[in-house]
Structure formats: structure tokens, C-alpha cells
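Hi,

Here is the structure I promised to pass on.

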Amino acid sequence: MESFEILCGIAVVILALVYYFLTSNYDFWKSRGVRGPRPIPVFGNLKNVTFSKISVGYYLAELYNKYKDEAVLGIFAGKMPILIVKDLDLIKDVLIKDFSTFANRGIPVSNKADPLSQHLFSLEPKRWRPLRTRLSPVFTSGKLKEMFSLISECADHLIQYMEKVVSENKPVECHELTAKYTTDVIGSCVFGIEMNALSNENSEFRKMGRKIFEPTWTNILQIRLRLMFPRLYELSAYVLPQTEVTKFFTRVVVETMDYRETNNITRNDFVDMLRELKKHPDKLDDIDLTDSLIAAQAFVFFIAGFKTSSTTISHALYELALNQKIQDNLREEIEEVYIKYNGDLTYENIKKMNYLDKVFKETLRKYPPATLLRRESTSSYTFDGINVSIPKSQKIWIPVYGIHRDPNIYPKPDVFDPERFNEEAVQSRHPMAYLPFGNGPRNCIGTRFALYQSKIGLIHILRSYKVETCEKTPIPYVHNPKALILSPKDGLHLKIIKINRP
């Protein structure tokens with residue numbers, strides 16, 4: 001009996017110590033005068049996010065509305081404190097005014113366990129700054145003009161593919177349809193490779209694209225482990241082999257660069273920019289330019305370029321199917337520009353499609369691909385006006401989805417209204433009220449490219465087809481809580497009807 005009581009006592013002590021360890025810093029925000037929901041051991045405030053019952057972006061939007069009068073909120077991921085910055089002026093401080101203090105995204109990079117994580121989106125400031133400077137010229141307006149014919153050619157292939165799909169007279173899943181198109185665009189414009197996602201159902205690149213974003217428990221656990229236990233995740237490299245995706249992209253990038261070098265091929269595209277970096281590593285401030293680091297930059301442009309644009313096009317088609325008058329107005333503008341310029345669609349002509357621009361901006365407001373922005377302080381910092389101080393390495397989350405759905409900023413936020421982005425309305429809003437591509441020095445480097453490949457694809461589709469809802473169209477929209485980027489739970493099925501031109 002005494003032995004049993006001793007064992008019970010030891011168990012109680014161990015449980016008490018574990019509980020203390022898990023909750024020892026749960027007064028972190030309270031001691032700083034920052035409000036927030038009460039955390040629970042192990043999960044902090046992210047239990048439902050951890051079990052994929054709700055996406056993190058949607059959860060932050062719930063908190064955004066619940067604590068509507070607070071400039072900042074404090075939550076916990078496990079026992080790690082995270083500051084949610086809601087106030088638009090403070091967001092401007094983080095993203096622009098005091099950028100040097102928040103230049104880090106705070107996303108762990110795993111050189112060994114996940115070599116492709118060493119990309120421009122996640123890299124720490126030391127490697128990010130020189131790489132960003134050297135890679136930015138690929139996405140100038142001049143470069144886009146050079147790529148225009150390549151993008152248009154892919155859009156023509158999309159219409160040819162749609163002829164076959166529409167002839168089957170079945171609902172079309174637009175998410176997959178547009179992903180094939182953007183995969184081919186990225187292949188042609190960025191890598192100089194024919195990826196053939198539209199013409200070949202077994203395209204390796206489309207297969208890899210699905211693998212990267214497929215919300216399997218393996219993928220979800222891998223991401224959570226890397227974010228919450230980066231050291232443990234890095235150690236996993238010694239026992240787990242490299243993934244199929246890592247091997248594939250590293251091989252493709254290295255082989256493509258070697259082939260061009262051997263055959264003296266120059267395309268002045270993204271791969272050639274990487275070749276130049278490899279030839280002149282001295283321009284990168286002593287950065288060790290390994291094959292993995294080079295492949296990682298190509299990898300991030302592939303995943304960001306095809307996924308964000310394909311979801312944006314499919315979300316635009318969804319809203320146009322729900323709002324036929326807007327669809328008619330947009331098609332009318334497209335036809336007017338075609339007639340005015342004798343059917344010659346150019347980079348400059350697309351810039352003159354003002355209503356098209358409003359439709360895309362409103363699509364990105366309702367459906368921002370990245371529902372939050374992440375930053376991490378590189379030193380201690382005190383926010384102006386609210387007297388809240390944070391230590392070095394403090395995680396910051398900015399609730400993009402919550403801001404975009406704030407009725408005080410966008411009245412009736414669930415209504416799709418492109419006129420929210422007429423010149424007068426835009427001027428009346430805070431510049432941080434619209435953040436689909438982030439803002440400041442660390443905004444999305446490929447924003448202009450993403451918009452143009454999306455616009456060209458949509459223009460081609462609407463000139464040839466009308467989109468309508470059908471029995472499989474999700475009304476209302478249901479998001480996939482497991483998805484890395486804002487996506488529909490079971491796809492976006494629409495009825496697509498051929499337009500018979502005179």
C-alpha cells in the first residue's frame with residue numbers, strides 16, 4: 001500500500017511539473033496588458049487549428065471580430081506567445097516604417113531536413129536581402145512584356161483544352177482547370193520548360209504541384225513540426241530520406257541550368273538569372289550558393305506562381321457565375337478593347353481594362369490566398385500609442401482575412417462589389433486595409449506577374465465561354481480548413497457554356 005501511495009505521489013509531482021512547464025508563461029500577455037482568449041495546456045489557443053477544424057486565417061478573423069476594439073491581441077501556439085496586430089497604423093509600422101525591426105518572417109528554414117525551404121519567402125534577412133535584390137529584375141514591366149506572348153500562347157492552349165472539357169456537358173472543376181494553365185505558364189516563362197499540364201494528364205509538374213498542396217495528414221504534421229519544433233525537425237534529416245518533391249525540383253533545376261550552359265542557350269528568364277548568380281557568387285555577400293539554395297528559389301516561384309494565380313482565377317470565375325451582371329459588364333469591356341485595337345491583345349491594352357482590374361482586386365479582397373502575414377522582431381520593440389513592449393524574436397501575425405472582411409472597412413463584406421476599388425473608394429481607405437500580396441520591402445516579388453497571367457487567362461476564358469452555377473457549385477462557399485492557401489473544400493464546380501460568335 002505504501003509503495004502504491006509513493007507511486008501515486010510521484011505521478012502527481014510529475015504531472016504538476018509537466019503542467020507547470022506547459023503553462024509557465026501563460027501570463028506573458030496579461031503582464032503586458034494585452035488581451036486575448038484563455039489558452040489551454042499543450043494547444044494554447046490553436047486546438048481547433050491543430051486538428052484542422054478551422055483554418056488559422058478564419059480563426060484569426062473570429063478573434064479580429066470578437067476583440068473589435070483592441071489594437072493588438074495575444075494568443076499562444078502551444079506555449080509560444082504570438083501577437084496579433086489589428087490596428088492598421090501599427091501594421092504599417094511593422095511592414096514599412098519600422099521594417100528593419102521586422103524584416104524576418106519568423107518561418108524556420110531547414111537546410112538539411114527540407115532544403116527547398118531555403119527560399120526567398122522564408123529566408124532570414126541576411127540571405128533574403130541580396131537574393132531579393134538580384135532576383136527582382138526578372139519581374140519588371142519590361143520582362144513581363146517579353147513574356148506576354150508566352151503567357152498568351154498558354155492561354156490559347158487553355159481554350160483548346162476547354163473545348164474538349166466543355167463538350168462533355170458536365171460541371172467543370174475550375175480549380176484544377178486553372179491550375180493546369182498556370183503550371184504551364186510558370187514552366188514556359190520562368191523555367192523555359194514545356195510542362196504540358198494541359199495536354200498531358202500525367203504531367204510530372206502537375207503531379208508535384210498536387211503533392212505539395214495536397215492537405216494530407218503527413219503534409220500537415222510536417223509543417224506543424226517545422227514551425228513548432230524546428231530543431232527536432234532538422235534532426236529528422238538524419239533518419240528520413242529526402243522527399244520525392246525535393247529530389248525532383250533539385251534535379252530539374254540543376255539539369256536545366258547545366259543543359260543551357262553546355263549548349264550555350266540564353267532565354268533571359270528566371271533560370272538564367274540563377275545561372276548568373278552561380279557564376280558570380282561574390283555579388284551575394286559571402287552566401288554559400290549551393291544547388292539546394294538555387295533550386296529553392298525556383299521551387300518557390302513555381303509553387304507561388306501556379307497556386308495563388310490558379311486559385312484567384314477560379315475564385316473570380318466563381319463570383320462571376322454568381323453575379324451575371326458583373327460578368328456581362330466585364331465581357332463587354334474586354335470586347336470593347338479587342339475591337340478598339342483590332343483584336344491585338346497586348347500588355348498595354350490589358351492595363352486599360354479598368355473594370356477587369358477592379359474585379360481582380362475585389363476577388364483578392366474576398367479570397368486572399370495568404371490569409372495572414374507573419375513577421376518576427378529582430379530586437380525588442382515598443383509599439384507607438386499603446387505602450388506594449390515585445391522582446392526580440394517575438395512572433396507577429398497580421399490577420400489579412402479578418403481585415404478584408406471587416407464591415408467597418410468594407411461595408412457588406414460578403415457582397416462581391418468591384419466598385420470598392422474605384423479610385424475614390426481606394427483613396428478613402430487606409431493603405432494597409434488591402435494586403436493580398438503583403439506590403440513594404442518584403443511584399444510578394446511576383447505580384448505583377450501573378451496578376452498578368454491571371455488576367456490573360458480570364459480574358460481568354462470569358463471571350464469564349466460563359467460561366468454559370470450548377471447543382472455542384474458550393475453555395476455558400478466552404479473553405480478547406482486543411483489547405484495551406486485559401487481554397488474551396490470540394491473544389492469549385494461551374495457550368496461552362498460555349499459562346500457562339502457571329
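Let's start with Tyr347, which lies in helix 15 (residues 347–351). Helices here are DSSP runs of H or I with at least four residues, strands are runs of E with at least two, and both are numbered from the N terminus. Before going further: this is a predicted model, where local features need pLDDT of at least 70, side-chain atom pairs count only at pLDDT 80 or more, and totals for chains, interfaces and linings use all residues. Residues are numbered from 1 along each chain as its sequence is written, and side-chain values use heavy atoms, with hydrogens and water left out.

Back to Tyr347: is that residue buried or exposed? Tyr347 is buried, because its relative accessible area is 6% (buried means under 20%, exposed over 50%, partly exposed in between, with a 1.4 Å probe and protein chains only). Setting aside neighbours within four places in sequence, Tyr347 is in contact with Ser141, Leu144, Lys145, Phe148, Arg448 and Tyr452 (contact means heavy atoms within 4.5 Å). Gly142 is 205 residues away from Tyr347 along the chain, yet their C-alpha atoms are separated by 9.9 Å.

Next, a helix pair. Helix 14 (residues 324–340) and helix 16 (residues 354–366) have axes that come within 8 Å and cross at roughly 140°. The axes are lines fitted to C-alpha atoms, for helices over the stretch in contact, and angles run from 0 to 180 degrees between N-to-C directions. So helix 14 is oblique to helix 16 (under 35 degrees counts as roughly parallel, over 145 as roughly antiparallel, 65 to 115 as roughly perpendicular, and the rest as oblique). Helix 14 brings Ile326, Asn329, Leu330 and Glu333 to the contact, and helix 16 brings Asn354, Tyr355, Leu356 and Val359. These residues divide into 5 nonpolar, 2 polar and 1 charged (Ala, Val, Leu, Ile, Met, Phe, Trp, Tyr, Cys and Pro count as nonpolar, Asp, Glu, Lys and Arg as charged, the others, Gly among them, as polar).

Last, some backbone details. Most residues other than glycine have a negative phi, and most peptide bonds are trans. Asn169, in the loop between helix 6 (141–167) and strand 3 (172–173), has a positive phi near 55° and is exposed, at 70% relative accessible area. Asn387 also has a positive phi, of about 55°; Asn387 sits in the loop between strand 5 (381–382) and strand 6 (389–390) and is exposed at 63%. Which peptide bond is cis? The one from Ile475 to Pro476, with omega near 0°; Pro476 lies in the loop between strand 8 (465–468) and strand 9 (493–498).

Cheers
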